[in-house]
Amino acid sequence: MSGSGFKKLTIKEAEKHIGGRLDRRRKYFLWNFHDDGQPIVCHDSTFLVACSGCLEMGDYGSVLCSGGWDEKRKMEIGCGCEECGYTGVRRGHFPVPAETIR
Ligand SMILES: [Zn+2]
């Protein structure tokens, strides 16, 4: 555990840091978002990506193994493997700066 630039916050700590009210359904943490040594309050957001375990992109953008175009998700998905539970997609996480509720 290095913990550099990352610190989990309780909702009360997060609200104190940001100086306002926050959406209590989210989980907050301090994150060195701008990479300037000044961590700010962020929450976790998720996005879907094609599984890197089963969507193989060849040279020149050719797809070696693909589950095809997923119209609902508007993305090319993998053909399915153990890593993604044969869905062809995986959930990624990224921090988003928290915003107070007005
Ligand atoms: Zn996969």
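Which residue in strand 2 does Phe6 stand opposite? It is Trp31 that faces Phe6 from strand 2, and this pair belongs to a set of 4 bridges that join strand 1 to strand 2 in the antiparallel sense. The model is a predicted one, in which local features need a pLDDT of at least 70 and side-chain atom pairs count only at pLDDT 80 or more, whereas totals for chains, interfaces and linings use all residues. Residues are numbered from 1 along each chain as its sequence is written.

**Overall make-up and confidence**

- The protein has 1 helix and 8 strands, these elements being DSSP runs numbered from the N terminus, with helices of type H or I and at least four residues, and strands of type E and at least two.
- Along the sequence these elements follow the pattern β-α-β-β-β-β-β-β-β.
- The average pLDDT, the predictor's confidence in each residue on a scale from 0 to 100, is 87 for the protein, and 87% of the residues score at least 70.
- Confidence is highest in helix 1 (residues 11-18), with a mean of 96, and lowest in strand 5 (residues 63-65), with a mean of 64.
- Where pLDDT is low, the predicted coordinates should not be read in detail.

- Strands in the order 1-2-3-8 form an open sheet with antiparallel pairing, where two strands are taken to pair if DSSP finds at least two bridges between them.
- Strand 1 (6-9) and strand 8 stand at the edges of this sheet, and because each has a single partner strand, one side of each is left without a neighbour in the sheet.
- On average, neighbouring strands of the sheet are turned by 40° against each other, direction ignored, with axes fitted as lines to C-alpha atoms (for helices over the stretch in contact) and angles running from 0 to 180 degrees between N-to-C directions.
- Strand 2 (residues 28-31) pairs with strand 3 (residues 40-50) in the antiparallel sense over 4 bridges; among the bridge partners in strand 3 are Val41 for Leu30 and Ile40 for Trp31.
- Strand 3 is joined to strand 8 (residues 89-97) by 9 bridges, and the two run antiparallel; within strand 8, His93 stands opposite Thr46 and Gly92 stands opposite Phe47.

- Of the 102 residues of the protein, 18% count as buried, a residue being buried if 20 or more other C-beta atoms lie within 10 Å of its own, exposed if 12 or fewer, and partly exposed in between, with C-beta atoms placed from the backbone.
- Once neighbours within four places in sequence are left aside, Leu22 is in contact with Ile11, Ala14, Glu15, Tyr28, Ala98, Thr100 and Ile101, where contact requires C-beta atoms, placed from the backbone, to lie within 7 Å.
- Among contacts between residues at least 6 apart in sequence, 51% join residues at least 24 apart.

**Residues in the loops**

- Cys79 lies in the loop between strand 7 and strand 8, and counts as partly exposed because it has 18 C-beta neighbours inside 10 Å.
- Neighbours within four places in sequence again left aside, Cys79 is in contact with Cys54, Cys65, Ser66, Gly67 and Gly88.
- The C-alpha atom of Cys79 is separated by 7.5 Å from that of Gly68, a residue 11 residues apart from it along the chain.
- Tyr86, also placed in the loop between strand 7 and strand 8, has a positive phi of about 60° although it is not a glycine, and with 13 C-beta neighbours inside 10 Å it counts as partly exposed.
- Lys74, in the loop between strand 6 (68-70) and strand 7 (75-77), has a phi near 55°, a positive value in a residue other than glycine, and it counts as exposed because 8 C-beta neighbours lie inside 10 Å.

How values were computed: Contact = placed C-beta atoms within 7 Å.
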